[in-house]
Amino acid sequence: MRVELEHITKTFGKLRANDDISMTLEGGQIYAILGENGAGKSTLMKILSGYQPADSGRILLDGKEVAFETPADALAYGIGMLHQDPLDVPVLTVLENFALGRREGLLPNRRAARAALADHANRLGFLLNPDAYVDGLTIGERQQLEIVRLLSLGARVLILDEPTTGISAEQKDTLFKSLKRLVADEGLTVILVSHKLEDVEALCSHVYVLRQGKVVGQQAMPCSTDRLVALMFGQSIERTPRPPIERGPLVLSVQNLSIPGRRLVVRNLNLDVHAGEVIGLAGLDGSGQNAFLRACAGLQPPTEGRIVLVGQDVTRCGYHEMVRRGVAYAPAGRLEEGLVAGLTLTEHFALAMPGGAWVNWKAAQQQAEKRIAHYNIRGRPESLIQTLSGGNQQRTLLALLPSDLKLLLMENPTRGLDVESARWVWTQLLDRRAQGTAIIFMSPDLDEIMEYSDRIVVFFGGQATLVDDPAQTSVSQLGQLIGGKAV
Amino acid sequence: MTTLIRTSTNRVANLFVTLLPALFVVLVLIGMILSSIDKDPALAARNFIEGAIGSDARRADVLMMALPMLLCASGLLLTFTAGLWNIGVEGQVTMGAIFATIIAKEVTSDANSLLVIPAEFILAMIGGALWAAVAAILKTKGNVNEIFGGVALNFIATNVLIYLLTGPWKSGTYPQTAVFEQPALLPRLMPGLSLSLPAILVAVTSFVLVFFILRGTRWGLQLKAMGKSERSAYLLGVRTSRNVLLSMMLCGALAGLAGALLVLSPIARGRLLTGVSGGVGFLGVLIVMLVNTQATWVPIVALFFAIVPIGTLKLQNSMTLDASLGNVFQSALVLAVLLANGIRSRLQKSASIK
């Protein structure tokens with residue numbers, strides 16, 4: 001299906017998220033919408049998929065103008081969007097989620113739904129257990145479910161918003177293969193919203209680059225990476241060398257820890273973390289990294305072993321007690337468990353600021369302005385947090401962390417961020433490290449782990465393996481560990 | 001163009017855009033009901049207004065009638081802001097009335113009302129707060145939704161009341177206590193009018209307290225954050241379980257005060273009766289829903305709601321209309337406003353698409 005966007009404009013308050021955007025997308029092709037965070041990619045795709053209306057502009061499908069009031073409307077016209085955070089119902093099973101939105105009679109036909117699910121999943125090469133509960137699935141599996149669901153509902157245009165963040169390398173391979181097949185065999189239009197150059201290079205035949213709400217360029221693929229980077233940022237970026245380690249006193253000592261994870265139990269984990277150290281947690285999605293981080297934050301009690309923070313046993317301390325002792329935890333799902341949709345930036349800072357019973361709104365406002373400037377957040381003190389882009393939400397999350405931390409625990413610190421924003425986030429984190437904060441982070445991005453970790457813990461099947469010297473370890477060696485092969 | 005940043009003036013405008021058409025529709029509806037049973041709507045309206053605000057005594061009655069509603073609505077502002085649907089407020093009112101009676105029925109004619117009345121208020125607050133605490137603990141420890149817990153506790157409170165009035169506290173043939181002695185009752189400000197200073201003071205103070213809690217305190221902001229996303233609020237350092245308990249108990253305490261007024265105020269009967277709460281808690285829920293949890297409008301709406309029962313009293317006497325017409329009016333109004341809100345946001349959405 002041919003999709004034409006004409007002069008799409010969308011503003012949030014004084015923010016021009018989309019500024020007179022026009023583009024044409026043909027059937028049987030894979031397009032990339034490339035741009036740094038806050039460039040307006042997600043906004044544009046939400047308009048195309050019926051989640052929000054544009055202020056002005058037209059959408060034409062095969063030459064006919066259409067208007068959507070809801071995502072269901074858009075899907076009826078054949079436009080389906082896969083969101084960064086899959087929009088499924090976690091308490092239902094895979095089959096039940098699949099059956100939701102199927103157009104059939106009053107009584108759902110479970111047998112037909114089951115057959116259709118198996119049919120579509122096979123066609124794409126996805127392995128989905130229809131009776132598994134969605135809250136037990138990995139992000140990658142939930143994504144597969146969502147794609148299957150959209151296709152079964154007749155999607156001819158598939159929009160994928162940062163699909164490769166938070167999924168394993170294998171899942172990414174499967175995803176890319178099936179997308180290529182869909183496009184070649186069935187003539188679908190696929191739109192990949194991404195800032196990951198390697199994904200774009202591997203998958204797409206044509207690239208549109210957005211910057212600050214405008215289309216700043218388009219490019220047929222393949223082309224050189226430098227050219228894309230130049231389009232995205234206006235200039236090429238270079239990496240800064242990391243300052244040398246200064247290991248301080250022992251901050252965290254984990255002894256013989258066993259933690260129940262989502263699908264497996266992490267057993268017998270031992271780790272000492274010193275002030276000023278960065279520990280990267282690598283492993284396939286759902287191998288226990290997450291359970292370990294949450295245990296360290298006091299959010300998930302371990303079944304065995306001890307956690308010692310600066311000489312004190314904190315194994316049985318709850319989350320708020322850990323926070324009081326100088327531990328911070330930054331979750332991956334920003335709007336689900338980090339920030340409060342419906343509150344303004346000022347209200348967030350007021351909430352996080354220490355103080356008496358009364359809120360000093362003036363001080364909170366000043367604080368918000370100061371942090372917005374310092375953390376380079378594209379938003380205003382009175383902006384509601386959900387109107388900010390993913391990258392700016394992540395900046396806000398960092399800006400909310402207290403300044404003197406002993407231990408900072410982060411799930412996917414650069415999830416969904418472009419190279420520039422990711423680098424900026426790490427500058428902030430390394431600053432904290434220089435001040436003596438120990439950092440433990442998990443990431444599905446091996447390059448990120450290799451680049452920033454002083455030491456690496458690799459999780460596989462409930463076992464944790466410590467890699468002491470990343471400099472002496474190659475990415476492929478690490479990849480083998482992640483895949484469960486001893487080096 | 002719609003902006004996502006709503007200012008407070010915007011909200012006020014919204015309230016009028018929805019309230020006035022809704023009021024008009026409901027009045028037409030009531031007019032049609034009256035015409036269908038051959039009553040003159042214009043005469044009914046005149047009688048209603050005269051009955052509600054036609055004299056100082058009537059206006060005083062309206063004010064006194066509004067106070068328990070104001071108390072319940074103030075408490076509910078806290079729980080609604082925190083995302084807690086405290087439907088158990090009705091039972092908390094009943095418990096407040098029962099606890100106030102524990103003291104009131106023992107008071108002798110020579111007691112000092114300066115001591116008795118504060119004691120009655122305090123006990124009523126404790127009763128309401130404890131009953132709310134049960135719902136809160138069921139929620140935080142037992143994972144029982146506060147709506148279902150509240151409904152169950154409302155039933156239990158009613159049955160405790162009936163047990164007391166047909167058993168240990170029964171006086172005479174009817175299920176009711178004896179009339180309390182004068183020092184136990186709230187004093188009139190001046191003879192001939194039902195105004196009572198202590199009642200007005202506690203209700204207005206409670207509302208002002210809630211208003212400032214929500215507007216200016218850290219706790220109020222925490223409740224707001226919890227109401228929008230409990231999980232995120234927890235991770236941002238808000239002690240959510242404790243705040244559920246505290247906000248529910250504070251709401252229960254204010255509901256308990258409302259219960260005390262329903263037993264002790266000059267427009268009450270001065271004794272504990274069955275059905276003492278009379279739906280005032282539910283009216284509080286309606287008020288808070290009507291104003292979309294915006295504290296500023298609560299006193300006005302409470303007064304407006306209090307006009308209805310006083311006005312329909314007159315209709316009942318002069319035109320033999322049933323008092324339930326007042327309930328129809330109140331409920332239809334809330335429904336109409338909610339409907340108008342829905343239509344307005346739909347219109348805005350489709351307008352912004354074009």
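## Exercises on a predicted two-chain model

In this predicted model, 30 residues of chain A are in contact with 24 residues of chain B.

**Exercise 1. Describe the side of chain B that touches chain A: which helices supply at least two residues each, which gives the most, and what is the make-up by class?**

Solution. 
- Start with the contact count. Chain B contributes 24 residues.
- Next, assign them to helices. α8 (218-228), α9 (230-235) and α13 (324-353) of chain B each supply at least two.
- α8(B) gives the most, with seven residues.
- Finish with the classes. This side of chain B has 10 nonpolar, nine polar and five charged residues.

**Exercise 2. Take α8(B): how many of its 11 residues are buried, and what covers them?**

Solution. 
- Apply the cut-off. A residue counts as buried if 20 or more other C-beta atoms lie within 10 Å of its own.
- Count. In α8(B), 10 of the 11 residues are buried, and the helix is mostly covered.
- Name some. Among them are B:Trp219, B:Leu221, B:Leu223 and B:Met226. The buried set also includes B:Lys224 and B:Lys228.
- Find the cover. From chain B, it includes α3 (56-81), α7 (197-216), α9 and α10 (240-264). From chain A, it includes α12 (345-352).

**Exercise 3. Work out whether the radius of gyration of chain A agrees or disagrees with that of a compact globule, then describe the fold's layout.**

Solution. 
- For 487 residues, a compact globule would have a radius of gyration near 23 Å.
- Compare. Chain A has 23 Å, so the value agrees.
- Along the principal axes, the C-alpha atoms of chain A fill roughly 70 × 55 × 50 Å.
- Check burial. Buried residues are 47% of the 487 in chain A.
- List the elements. Chain A holds 17 helices and 20 strands.
- Domain 1 spans 3-233 and domain 2 spans 250-482. Their centres, over C-alpha atoms, are 29 Å apart.

**Exercise 4. Locate the nonpolar cores: which residues touch the most other members of the largest one, and what does A:Leu409 contact?**

Solution. 
- Take the largest core. It has 188 residues.
- A:Leu409, B:Met69, B:Cys72, B:Leu257, B:Ile287 and B:Val298 touch the most other members.
- Follow A:Leu409. Neighbours within four places in sequence aside, its contacts include A:Leu293, A:Cys296, A:Val327, A:Tyr329 and A:Ile440.

Methods: Residues are numbered from 1 along each chain as its sequence is written. Chains are lettered from A and ligands numbered from 1 in the order in which they are written. This is a predicted model: local features need pLDDT of at least 70, side-chain atom pairs count only at pLDDT 80 or more; totals for chains, interfaces and linings use all residues. Helices (H or I, at least four residues) and strands (E, at least two) are DSSP runs, numbered from the N terminus. The radius of gyration is taken over C-alpha atoms; the globule rule is 2.2 Å times the number of residues to the power 0.38. A residue is buried if 20 or more other C-beta atoms lie within 10 Å of its own, exposed if 12 or fewer, and partly exposed in between; C-beta atoms are placed from the backbone. Two residues are in contact if their C-beta atoms, placed from the backbone, lie within 7 Å. Ala, Val, Leu, Ile, Met, Phe, Trp, Tyr, Cys and Pro count as nonpolar, Asp, Glu, Lys and Arg as charged, and the others, Gly among them, as polar. A nonpolar core is a set of buried Ala, Val, Leu, Ile, Met, Phe, Trp, Tyr and Cys residues joined through C-beta atoms within 7 Å. Domain bounds come from an automatic or database domain assignment.
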